[in-house]
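I want to work through this fold strand by strand. My notes follow in the sequence I made them.

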Amino acid sequence: MKIRRAVLADVPEIQKLINYFAKKDWMLARSLNDLYENIRDFWIADEDGRFIGCCALHMIWADLAEIKSLAVRESHKGMGVGKRMVLKCLAEARILGLKRVFALTYVPKFFKKCGFGRYPKSKLPHKIWGDCLNCPKFPDCGEISVAVEL
Ligand SMILES: CC(C)(COP(=O)(O)OP(=O)(O)OC[C@H]1O[C@@H](n2cnc3c(N)ncnc32)[C@H](O)[C@@H]1OP(=O)(O)O)[C@@H](O)C(=O)NCCC(=O)NCCS
């Protein structure tokens, strides 16, 4: 299993997996347009050329980025793949000079294993609510905000 940069050819698989979990209401769906525009955010878990999962590190501000669209195939759940992708994003965040990375999630316990702690939503900048405004669950989605200081 390697964690590699995404390429444009990964987009259909990324969308299929994200939207599979989005249908279960576990994460936000993403359009092809959105994924092509943001493909450079993504890391891919790749097992002998097979797409296993994805995770995006999206820049927000001078010192802040968000982990988005984290998903692992159900066949590979619980094998450390999600954590490896998040740690890859954090390593990249350090190289970029970020001070904090956050996520909005229904699985705070998973993020705790990756070094994140609870973080008040009220401290996040207003611009992060762009995605939320388009979500049918806004403003009561119940997602928990977590962050790690780098
Ligand atoms: C949540 C998800 C990304 C976790 O990925 P994963 O590869 O299964 O998790 P890992 O095997 O890397 O787990 C790392 C650690 O977190 C724990 N963990 C994983 N999922 C967990 C969960 N749902 N609840 C509590 N702990 C969890 C594991 O037990 C493991 O602990 P350990 O280090 O003590 O062994 C994956 O299950 C998934 O794609 N879920 C559906 C989509 C989703 O909810 N994405 C998150 C959007 S923010």
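This is a predicted model: local features need pLDDT of at least 70, side-chain atom pairs count only at pLDDT 80 or more; totals for chains, interfaces and linings use all residues.

**Entry 1**

I looked up β5 (100–105). How many of its residues are buried? I found five of its six residues buried, so by the cut-off of under 20% β5 is mostly covered.

**Entry 1: the sheet as a whole**

Next I traced the sheet. It is open and has seven strands. I wrote down the order as β1-β2-β3-β4-β5-β7-β6, and the pairing is mixed. Which strands sit at the edges? They are β1 (2–5) and β6 (117–118), and each pairs on one side only.

**Entry 2: β2 to β3**

I followed β2 (42–47) into β3 (residues 50–61). The two strands run antiparallel and are joined by six bridges. I found Glu47 opposite Arg50 in β3. The strands form a hairpin with two residues between them. In that turn I checked Asp48, which has a positive phi of about 50°.

**Entry 3: β3 to β4**

Then I moved on to β4 (residues 64–72). Another hairpin, through two residues, joins β3 to β4. I noted seven bridges here, and the strands run antiparallel. Ile67 in β4 is the bridge partner of Leu57. Ala56 stands opposite Lys68.

**Entry 4: one lysine in β4**

I stopped at Lys68, which lies in β4. Is Lys68 buried or exposed? Its relative accessible area is 14%, and the cut-off for buried is under 20%, so Lys68 is buried. What does Lys68 touch, apart from neighbours within four places in sequence? I listed Arg30, Cys55, Ala56, His58 and Asp131.

Which way do β4 and β5 run? They run parallel, and three bridges join them. Leu64 stands opposite Arg100 in β5. With α3, these two strands make a right-handed β-α-β unit. On to β7 (144–149): six bridges join β5 to β7, and these strands run antiparallel. I found that Leu104 has Ser145 in β7 as its bridge partner.

**Entry 5: helices on the sheet**

I turned to α1 (residues 11–23), which lies across β2, β3 and β4. It runs at about 85° to β3. Helix α3 (residues 81–96) packs on the sheet too. It touches β1, β2, β3, β4, β5 and β7. Its direction makes about 35° with that of β3.

Last, I looked up Lys113 in helix α4 (residues 108–113). Why does Lys113 count as exposed? Its relative accessibility is 64%, and exposed means over 50%, so Lys113 falls in that class.

Notes:
Residues are numbered from 1 along each chain as its sequence is written. Side-chain values use heavy atoms; hydrogens and water are left out. Helices (H or I, at least four residues) and strands (E, at least two) are DSSP runs, numbered from the N terminus. Buried means under 20% relative accessible area, exposed over 50%, partly exposed in between (1.4 Å probe, protein chains only). Contact means heavy atoms within 4.5 Å. Two strands pair if DSSP finds at least two bridges between them. Axes are lines fitted to C-alpha atoms, for helices over the stretch in contact, and angles run from 0 to 180 degrees between N-to-C directions. A crossover is right-handed if, with the strands pointing away from the viewer, the path from the first strand over the helix to the second runs clockwise.
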